[in-house]
Structures are given as structure tokens and as C-alpha cells.
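Subject: A structure for you to explore

Hello! Have a look at it first, then read on for what turned up.

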2 protein chains.
Amino acid sequence: MVRSVKRLVVLGSTGSIGRQTLEVIASFPDRFQVIGLAAGENATLLAKQVAQFGPRFVCCRKLPPGDYQALSLEEMAAHPEADIVVIATPGRSGLGPTLAAAEAGKRIALANKESLVMAGEIITTAAEKSGASIIPVDSEHSAIWQCLEGERSAPQRFILTASGGPFRGYTPSRLAGVTPQQALAHPSWRMGRKVTIDSATLMNKGLEVIEAHWLFNMAYDNISVLIHPQSIIHSLVEFADGAVKAQLSHPDMRLPIQYALAYPERLANAALPLLNWDELTHLDFEPPDLAAFPCLKLAVQAGRKGGTYPAVLSGAGEAAVELFLTGRIGFTDIAATVAGALEEHESSSQPTIAEITAAEAWARQQVLQMAPGGSRC
Amino acid sequence: MVRSVKRLVVLGSTGSIGRQTLEVIASFPDRFQVIGLAAGENATLLAKQVAQFGPRFVCCRKLPPGDYQALSLEEMAAHPEADIVVIATPGRSGLGPTLAAAEAGKRIALANKESLVMAGEIITTAAEKSGASIIPVDSEHSAIWQCLEGERSAPQRFILTASGGPFRGYTPSRLAGVTPQQALAHPSWRMGRKVTIDSATLMNKGLEVIEAHWLFNMAYDNISVLIHPQSIIHSLVEFADGAVKAQLSHPDMRLPIQYALAYPERLANAALPLLNWDELTHLDFEPPDLAAFPCLKLAVQAGRKGGTYPAVLSGAGEAAVELFLTGRIGFTDIAATVAGALEEHESSSQPTIAEITAAEAWARQQVLQMAPGGSRC
């Protein structure tokens, strides 16, 4: 029997990606059915989503009214009735459900970066064993996926594009004075607060390099980053014959979300904007300024070293962004803070999930303790 | 039995594309074997090629020394031992062998534009019936082919890029004074004389629109042309979800040639240059200036009208370029001359090959007769 309606669980449904995912799903009621929703803090919005989509499973600290079964994130991610698991939960909370979905052989539409950054080897090994497919929702990795589609020969290089964020071209001294408000004003993408700050520091691009390494089994030496302020080309793939393929679109996350849900099909969706070549007169490129944006280098180094270093990078990065957003450290202190945590850390090799989560927690704790004003934990 | 070496015939082996094809073939002696060569005028170079590649079949008005069998273009294109037929013969002489190869179910690496322009419906119908595949060698159509590879949903728009040629930005009055020598100095591609002049008038891009229509069964309304002076993006394909894919490379015809020969594989070839993103700071785009370059519009109109109009376009265009190169008409007279022939023509609908070739010959004759100094035929 061909089942035409795919049953989805959406973890992190009240965040930026989660809301856009539900927007896409609502456009195709004959193709997608929401059977599970999970949210963190925003119980009000979750209640509205539950009323609109009528999921059979819900996960939230404050459960909204409705006729459903309460499940944990992991139970929902591995539920036998789920065809596609959208993982849009932020930060370390994505790790558990991503691993559960990978072990359960699901199609995973993965918007959470930290799970692959922290435990790329464990998750991709589990997915390979179970037959799970991890389809990236990040625009850069979705672009690479699209460029690889149908290619029979292995790619030889990825070029991840980066907008450069709001502070492109700033000197380190000018960067030292930027405020959280300035950092939250991203020039091209609408995203959550954490990833917006990570975009401003280029930490986000470093995390994406690690993700690309695991998603596509590409050596770090063959992953480059290129600043492309217009955010039209979402990434490029170079092949053995020197041909390069690129995927382009307006910067709108609904496109990679829809692609991950509908893959291998492409669905017509009038809500998605088309590129207008009458207005697009040029696309610009420049190398990233690693002196002004050291987080990119730090991240790639942590990825290369492997073990629990990427978990420390992730935990320290999250804590440092929190300190910056609450005015306790400056913008340029973010990199220094993360670098400090990485230096102090002693990594395990071939770490277990427990060791990875412990390293991540240690790094967060460490950063919050070192910060001016002491720990809030 | 898997046969690893593909047996090739190369028609038009002494022209620009033919020579570059043999260059690619020579790099992969374990994959490609030349069994046939055909050339028009350059018997000296053909003799060298025959000595180097030792083909079993040769076609030329002046046959060089060697131990081979002389065949016609059509016999070679349809020869049972040929796995791939490279059609790089210029102008109308490509029509016969392309049709023969299409009827014989060959893989055709097609560099000749005029065959599809003149007889697109007949050739594509023959190919469909026989199971022949027509893999384009033109960089634009190769780019589209590469972007479509693996896609399960129909594309909704092609955007063919054009360098704009050496006279991009010229006003019509400035264009009136340009010389053949100026027109032959193409800014990005090394090509034969006819196609170089056609690039300068944008006639070439119009012919490519017609080709794209037939190769990919795309409506004319959904094929756009975009000027892109750097010739790095070779074309773009827009899909139903708004995603756009592009193929990029240095402007070097050896890449699309190699792709057409090795498809679906991509072969590592150190002779092919890689894009250097340290140097590529921007890619520019602008709409084509149809007032200054009316040949583009003329060609698309002839394609839309169909019948024998594209054959007249092709024949009149060839004759007009000849008149320009021999100093008998000015650059801006090319379009006026072609327009005149199209206006005088009465098209057959659903024309036969005989009607098509008659229309093409009529148009050439007509243009040469009308020219200052009278006909040379």
C-alpha cells in the first residue's frame, strides 16, 4: 500500500524553525500530518499549535489542554507511527531525540546543529546501522544535499557560504564595542537568538563545517568557507572534473524545510519567493577574516581534534553567548571564553554519549563560573 | 560483458571543439578509443590526428594517408561499432549525421547547434523512438543537464547565461562601426569564427534558446537569458519550489566535452582548471539589451514560430556572418539581413528534412544575392 500522507513529529515546534515547519505543513494537508509536537518554554503558542494540528502526542514542561498522549522527546522521535522526525529543538536538547530517531531508522529532518557537532560519529553510525536518513534543514547543508543529488562520483570539495553577519568588515577593536542588540540584527536571515549571535561571530559557520563533515563524510581539509553577503548562493560543491554546482534561492528557511520533508520531490509552493534576476545585479564573495572572527577557526580546530572537544565547543559557546546577551561579557570575549574552555579541557577519545554530555555540561559550567558576576547555576 | 573502453567517432575533429575533444580523449586512453574521424577542410591536421589516433574510419574531401576505411558522415554516425558520436561539425553539415545517430540509437555528444535549431522536432522524435540520448556539449546546456541530474520533479525555468560578447554595453550606433577583427576577440571563450561572431550579436544565445527548448522539452516562455560577463555560471535551473541550481566552472569547453563523454561519471582531469575563490570576488548579471542585439529576439521568435523559420534563421545567419567577415556588410546589418530573410519566407508546418534543408539553402542564397557586390554562389 502506498501511503500518501506522511506522519510527522515536530520537536521544537514553537521556535523559529518549528513555526516555519508548521507553516509549510499547513500548506500541504494532503501530504503531511502532524502526529506529535514538542516545545520548551512557549506553552501559549504550543496550545495554539495543538488546537490547530490536533497531534496525538505532545511533549512540554507545561502541557496545554487537548486530547493527546504525553511523551518524552525521545519517545516521540522513535515512535513507530512517525515517518519523519523534524528536530528543531535548540542546543544540547536535540542530542537525545536525534540519536533516538537515528537508532529507530527514521527520516530525520535535522535543524539542530549541536547533535551532530557533539556526537556526529555516534549518530551517523547509528543511522547507517538502522537505515535512518538524516536530511539537513540548514540552508547550507540542504544546498550541498541538492547539489549532490543524482551525482555518482564523490565530491572533492564543499564551499560553505556565510553572509558574514552584521559585522562583516569590522576590525577587532570595533567589534569589541558591539552590543547584543546590534548582534541580533542579522542582515539576511530570520533566526533564533542563539544562532543569530553565532552568525555574527562566525561560530555558526564553524559548527556547520563540523556538521558537513559528518553529514557527508567529507574531510575537513576539503571544506572551505566563503563570505557571500547576499545569502543567495547557499553553498557550492566542487567535483572531480572541476565542475562546481551551487544551489541558490532567497534566504528563506521554508525552502530547505520543505525540501527535507518532501524529498525527493519538490513541491510547488506559492508562498516561497522566487529569485528575481532583474534585481540581482551581482553576487559578492570574500574570504572570511579569521583574525576578526576567531570562532570559525576555533570550531574547525575542535572538529578536527574530535573526541569531546566539539562538545566543549558547543557548551562553552552556548554559555558565552548567554553571557554576552546578558551583558556580562563583550562580543570579542565570546571567542576568548570558548578558547579558554577548550584549552582547559582534556578530551576522551571515542567518547560515549554520557562522556559527551558530561563534557558539554562541564564546559557550560566552567564558562559561567569564570564570568564576571559568578555562576548562575 | 562490461566493456570499459568506449568507442568514439568524432565528426568535425579539426575544429575548435573537435581538437579539444581529442585532447580530452588522449587523457583517458583506458576509457575512450577513437574509431572514426571526420573533418572538412583541414587535411593537414586531420592527417596528424589519423597518425596519432589510428581510426578505422575516416571522412574528408581530401583523405590523408593511413590504413582505414573511408565512410560518409552519416555512415560513421550510425556505425554499429560506435558507442558515442561526437558531432562537432559546423553549421548545416551537422544535421545529417545527427539525425543518423539519433535514428541509430547512439549516445550523441552534440556540439553542433544547427541540427537541433533546424530540425529539433524530427531529431528528438527519432532519438526518443530509437533510445538515443543527446548529451549537450554546449556549456549552457551541459550546465542545465548537470543541474537536472537526479531531480525527479520537472524544472520550471531555465536561465541561460551569456557573456554578452565583446560589445556588451555598446549602443547601436557604436555597434555599426565595429570590425570583424573586434568581433572575433571574444572576452571569455575560445571558439570557432562563426560562433564567435554569433556570440557578439547574441544570435548564438538565441540559437541556444531554441536548442534548450528541444533538448529539455521546455516552453519558450520559461527560458530566459541573462548577461553574465565572467562566464563562470554557465546556466541556472529553477524548480517548482523556487530553488535554483547552477553549474559553474572556468570557461573551458573541455569540461562539458568530458562530461558528455564520461556521463554519468565525472573523471578527475588535472588539465581542467579549478575555480579559484580567492580571486573570484563577484559575479555580475544584467538583462540583455534587445535593442542593441536584436538577433537574440529574432532567433527566439523564429523558434516560437517553428516550421521552417528556424532553418531560415540558421541559413540567413550563416550567410550574413560570412558577408560581415568578408567586409561586405556591417555588424548591425547582420540582424537586418536575417530579419529580411525571415520576413520573405513562407514556412511549411511539420516540415520534412528535405523541406528544412531547402529552406536553409534558400535563405543562404537569398542573403548572398541581396548583399552588396552580388552573389558568390
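Are E41(A) and R61(A) buried or exposed? Both E41(A) and R61(A) are exposed; here buried means under 20% relative accessible area, exposed over 50%, and partly exposed in between, with a 1.4 Å probe and protein chains only.

Some housekeeping before we go on. This is a predicted model, in which local features need pLDDT of at least 70 and side-chain atom pairs count only at pLDDT 80 or more, while totals for chains, interfaces and linings use all residues. Residues are numbered from 1 along each chain as its sequence is written, chains are lettered from A and ligands numbered from 1 in the order in which they are written, and side-chain values use heavy atoms, with hydrogens and water left out.

**Salt bridges**

Side chains of opposite charge can pair when their charged atoms come close. A salt bridge here is a side-chain nitrogen of Lys or Arg within 4 Å of a carboxyl oxygen of Asp or Glu, and the structure holds 40 of these salt bridges over all chains. One of them joins the side chains of E41(A) and R61(A), at 3.2 Å from N to O. E41(A) is in the loop between β2 (32-38) and α2 (43-53) of chain A and R61(A) is in the loop between β3 (57-59) and β4 (69-70) of chain A, so this pair ties together parts that are 20 residues apart in sequence. (Helices are DSSP runs of H or I with at least four residues, strands are runs of E with at least two, and both are numbered from the N terminus.)

Now compare K205(A) and E208(A), whose side chains form a salt bridge of 2.7 Å, N to O. They are 3 residues apart in helix α10 of chain A, separated by about one helical turn. K205(A) is buried, at 5% relative accessible area, and E208(A) is buried too, at 2%. A network of salt bridges links K205(A) and E208(A) with K113(A), D138(A) and E140(A).

In chain B, the side chains of R92(B) and E318(B) meet in a salt bridge of 2.7 Å, N to O. R92(B) lies in the loop between β5 (84-87) and α4 (95-103) of chain B and E318(B) in helix α13 of chain B, so the pair ties together parts 226 residues apart in sequence. R92(B) is partly exposed, with a relative accessible area of 36%.

**Aromatic rings**

A search of the whole structure finds 16 aromatic pairs over all chains. Rings of Phe, Tyr and Trp (its six-membered ring) pair if their centres lie within 6.5 Å; planes under 30 degrees apart count as stacked, over 60 as edge-to-face and the rest as tilted. W145(B) and Y263(B) are an edge-to-face pair, 5.4 Å centre to centre with 90° between the planes. W145(B) is in helix α6 (residues 139-148) of chain B and Y263(B) in the loop between α11 (254-262) and β12 (282-284) of chain B, so the pair ties together parts 118 residues apart in sequence. W145(B) is buried at 18% relative accessible area, and Y263(B) is buried at 15%.

F167(B) and F331(B) have ring centres 5.1 Å apart and planes at 80°, so this pair is edge-to-face. Both F167(B) and F331(B) are buried. In chain A, ring pairs link F167(A), Y170(A), F324(A) and F331(A) into a cluster.

**Where the chains meet**

How many residues does each chain bring to the contact? Chain B gives 43 residues and chain A gives 43 residues, with contact meaning heavy atoms within 4.5 Å. The area buried between chain B and chain A is about 3,600 Å², and carbon and sulfur atoms give 56% of it. (Buried area is the accessible area, with a 1.4 Å probe, that two parts lose on being put together, summed over both.) In chain B, D241(B), R266(B) and W277(B) lose the most area to chain A, together 21% of what that side buries.

Across this interface there are 6 salt bridges. The side chains of R266(B) and D241(A) meet in a salt bridge of 2.9 Å, N to O.

V312(A) lies in helix α13 of chain A and is buried, with a relative accessible area of 0%. Leaving out residues up to four places away in sequence, V312(A) touches several residues, including A341(A), L342(A) and W362(A).

Enjoy exploring!
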